[in-house]
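User: Please take me through this structure with a few questions and answers.

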Amino acid sequence: MRLTARDIPPAGIDLMPICPAALAGLSIDTIRKIRLSSGAKRVALGDVFEVEGHCEDTVELRRIDRRCLRVGAGLEQGQIRVRGDVGDEAGRGMSNGVLKVSGNAGDSLASGLSGGRIEIGGDAGDHLGAPARGQTKGINRGVVIVKGNVGNHAAARMRRGVVVIHGSAGTYLGERMIAGTIVVLGSTDRHLGTGMRRGTFVLTEMAKSPGFAENGNYELPFLKVLFSQLENIDPSLRKYIKKTKTAQRWLGDLAHGGLGEVLVVEKP
């Protein structure tokens, strides 16, 4: 099913109700009458979007922008594909399925993610994968791939899963991280892994982070296995990360046990 935006309200619009499971089996007329929240008002979907096709397991959103909020939030199955940008809280609380965005994403992308896969073709804002409002856990499972840069506090309180950032990351990346894997191919800013207890960063350059100490260069046999797993998740990584058995290793956060690690590898 294709939904093409034609008149997005200036106050923005909440697109959480637009998902394959909710639209499957409904007629186009019924879908056009679905009420969506726009600020303090409710508007009919058909007043905002042109509706075409029928929904089986995929919804395609076209010509949308940052005024479209919570795209893919709560997704449990199927795919949502976006040609354009998405606003704040895209993919919030996803537990399964795929959200694929050609453009940029706003703040709180993948907040409270517990499964599924999110791919962003451009940049993402602050608090990627951080706990959703009222929660204490960040990403618990799932995969997030951002082809551009991300803002501050990405992957805060991460517990499981994989985050791949092809660009650079802002401050406090992976703060209070408990477990999981974060890959950054660009630069990282200060306070990397503050409060980190466990988990792994794979970087191509190390930021100056006060909580970490260099642990030397090692031939780590598991690197080949780790890189193979990451390439299965994101095949484009083989262009950037050199397959090598050697990595510079840092341990931290030393103030919280020092069981987290940063592996700095060479670009090809």
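This is a predicted model: local features need pLDDT of at least 70, side-chain atom pairs count only at pLDDT 80 or more; totals for chains, interfaces and linings use all residues.

Analyst: Residues are numbered from 1 along each chain as its sequence is written, and side-chain values use heavy atoms, with hydrogens and water left out.

User: How many helices and strands are in the protein chain?

Analyst: Helices (H or I, at least four residues) and strands (E, at least two) are DSSP runs, numbered from the N terminus. By that rule the protein chain has four helices and 17 strands.

User: What is the radius of gyration of the protein chain?

Analyst: The radius is taken over C-alpha atoms, and the globule rule is 2.2 Å times the number of residues to the power 0.38. For 268 residues, a compact globule would come out near 18 Å. The value for the protein chain agrees with this: 20 Å.

User: What share of the residues of the protein chain count as buried?

Analyst: Buried means under 20% relative accessible area, exposed over 50%, and partly exposed in between (1.4 Å probe, protein chains only). Of the 268 residues, the buried share is 52%.

User: Which residues have the most contacts inside the largest nonpolar core?

Analyst: A nonpolar core is a set of buried Ala, Val, Leu, Ile, Met, Phe, Trp, Tyr and Cys residues joined through side-chain atoms within 4.5 Å. The largest one has 61 residues, and those with the most contacts inside it are Leu 61, Val 71, Leu 109 and Val 144.

User: Which strand gives the largest share of this core?

Analyst: In soluble globular proteins, nonpolar side chains tend to be buried together. Here the largest share is three residues, and they come from strand 6 (residues 58–64).

User: Is Thr 181 buried or exposed?

Analyst: Thr 181 lies in strand 13 (residues 181–184). Leaving aside neighbours within four places in sequence, its contacts (heavy atoms within 4.5 Å) include Met 158, Val 163 and Leu 230. Because its relative accessible area is 14%, Thr 181 is buried.

User: Where is the place of Ala 179, and what distance separates its C-alpha atom from that of Ile 165?

Analyst: Ala 179 is in the loop between strand 12 (162–165) and strand 13. Not counting residues up to four places away in sequence, Ala 179 touches Met 158, Arg 159, Arg 160, Arg 198 and Gly 199. Ala 179 and Ile 165 are 14 residues apart along the chain, and their C-alpha atoms are separated by 17 Å.
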